[in-house]
Amino acid sequence: MSERCIASLRLTTGDTALDVGCGAGRSFAELENRIGAKGTIIGIEQSPEQLAAARALVERCGWSNVLLINTPVEDAEIPFVADAALFSFTHDIMRTPSALRNVIEDLKPGGRIAAIGVKWTPWWHLITNWRTWRGSKDFVTTFEGFNKPWSHLENLVSSLEVECTTAPTPVIGRPGLYIAAAEK
Ligand SMILES: C[S@@+](CC[C@H](N)C(=O)[O-])C[C@H]1O[C@@H](n2cnc3c(N)ncnc32)[C@H](O)[C@@H]1O
C-alpha cells in the first residue's frame with residue numbers, strides 16, 4: 001500500500017523528494033529505490049527521538065543523499081525546491097493548513113503530492129472504525145477530519161484523486177485506508 005502511494009509520486013532518478021513527518025524513515029528505502037543515489041530525500045520530523053531513529057537507519061543503510069530536518073513542518077526552512085512530497089500516516093500534518101502550505105510552496109510547478117493514511121469508513125463498519133481508532137489513538141492528537149483527511153490539501157492543489165478502502169483489497173490493503181494523489 002505504501003509502495004502504491006509512493007508510485008503515485010512518479011519519481012524518477014535524480015529527483016528530490018520530501019518525506020513529511022518522516023518518523024523513523026520507514027519510507028526511505030522505497031524512495032531510494034526510485035530516486036537513486038543522485039536523488040535527494042529530505043525528511044522533516046518534529047520528534048528528536050523519531051529523527052534519531054531515522055538517522056540511525058540512514059547510517060546503517062549507507063545512504064549519503066538523505067537530509068534530515070528536526071522541526072515542525074509548518075516552521076521548516078526547506079533548502080531545495082522539491083519534485084514531490086510524501087505524507088505517510090501523518091494525520092496531524094494533513095489537518096494543519098500552514099504545514100501543507102509550507103510544503104506545497106516548496107514544490108516545483110506541477111510537483112506531485114501523495115498522502116496515505118487512515119480514515120473513518122461509514123458508521124455501520126463498526127469493527128473497522130474501532131480498529132482504526134485503536135490503531136491511531138497513540139499517533140494522532142486529533143480525530144478531527146477523520147471523515148475526509150485530505151480536505152485541506154484539496155484546497156491547495158490543482159488536481160486531487162482519492163482512493164479509499166471499505167473492504168480489504170489486494171491493491172491498497174486493509175479497510176479504512178485512503179491514498180490521495182495530487183499535483184501542485
Ligand atoms: C504515525 S507517524 C508516521 C511516520 C512515517 N511517516 C511513517 O509512515 O512511518 C507520524 C509522524 O509525524 C510526526 N509529526 C506530527 N506532526 C508533525 C509536525 N507538525 N511536523 C513534523 N512532524 C510531525 C510525528 O512526530 C510522527 O513521527
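Student: How many bridges join β5 to β7, and do they run parallel or antiparallel?
Tutor: This is a predicted model, and in it 7 bridges join β5 to strand β7, residues 177-183. The two strands run antiparallel.

Student: Ok, and which residue of β7 stands opposite R112?
Tutor: That's E183.

Student: What about β4 and β5, parallel or antiparallel?
Tutor: Parallel there: 6 bridges join β4, residues 82-88, to β5.

Student: Is β5 mostly covered or mostly open, then?
Tutor: Mostly covered. Of the 12 residues in β5 (107-118), 9 are buried.

Student: Which residues touch the most other members in the largest nonpolar core?
Tutor: The core has 45 residues, and A17, L18, V20, A85, L86, A114 and A115 touch the most other members. The largest share of this core comes from β5, with 6 residues.

Student: Let's zoom in on A114. What is A114 in contact with, leaving aside neighbours within four places in sequence?
Tutor: You'll find C5, I6, S8, L9, L86, I179 and A181 in contact with A114. L86 is also on the list of core residues that touch the most other members.

Student: Switching topic: why is β2 called largely enclosed?
Tutor: Because 5 of the 6 residues of β2 are buried, the strand is largely enclosed by the rest of the structure.

Student: Which way does β2 run against β1?
Tutor: Parallel. Strand β1 (residues 16-20) is joined to β2 by 5 bridges, and D19 has G43 in β2 as its bridge partner. Between β1 and β2 the chain goes through helix α2 (residues 28-35), and this β-α-β crossover is right-handed.

Student: And how do β2 and β3 pair?
Tutor: In the parallel sense, over 5 bridges, with β3 covering residues 66-70. I42 has L67 in β3 as its bridge partner. To get from β2 to β3, the chain crosses through helix α3 (residues 48-61), and that β-α-β crossover is right-handed.

Student: Now the ligand. Which residues come nearest?
Tutor: There are 21 residues around the ligand, and G21, G23, R26, Q46 and S88 come nearest. The elements giving two or more residues to that shell are β2 (40-45) and α4 (91-94).

Student: How many residues in the shell are nonpolar, polar and charged?
Tutor: The shell around the ligand has 8 nonpolar, 9 polar and 4 charged residues.

Terms used
Residues are numbered from 1 along each chain as its sequence is written. This is a predicted model: local features need pLDDT of at least 70, side-chain atom pairs count only at pLDDT 80 or more; totals for chains, interfaces and linings use all residues. A residue is buried if 20 or more other C-beta atoms lie within 10 Å of its own, exposed if 12 or fewer, and partly exposed in between; C-beta atoms are placed from the backbone. Helices (H or I, at least four residues) and strands (E, at least two) are DSSP runs, numbered from the N terminus. Two strands pair if DSSP finds at least two bridges between them. A residue is near a molecule or strand if its C-beta atom, placed from the backbone, lies within 6 Å of it. Ala, Val, Leu, Ile, Met, Phe, Trp, Tyr, Cys and Pro count as nonpolar, Asp, Glu, Lys and Arg as charged, and the others, Gly among them, as polar. A nonpolar core is a set of buried Ala, Val, Leu, Ile, Met, Phe, Trp, Tyr and Cys residues joined through C-beta atoms within 7 Å. Two residues are in contact if their C-beta atoms, placed from the backbone, lie within 7 Å. A crossover is right-handed if, with the strands pointing away from the viewer, the path from the first strand over the helix to the second runs clockwise.
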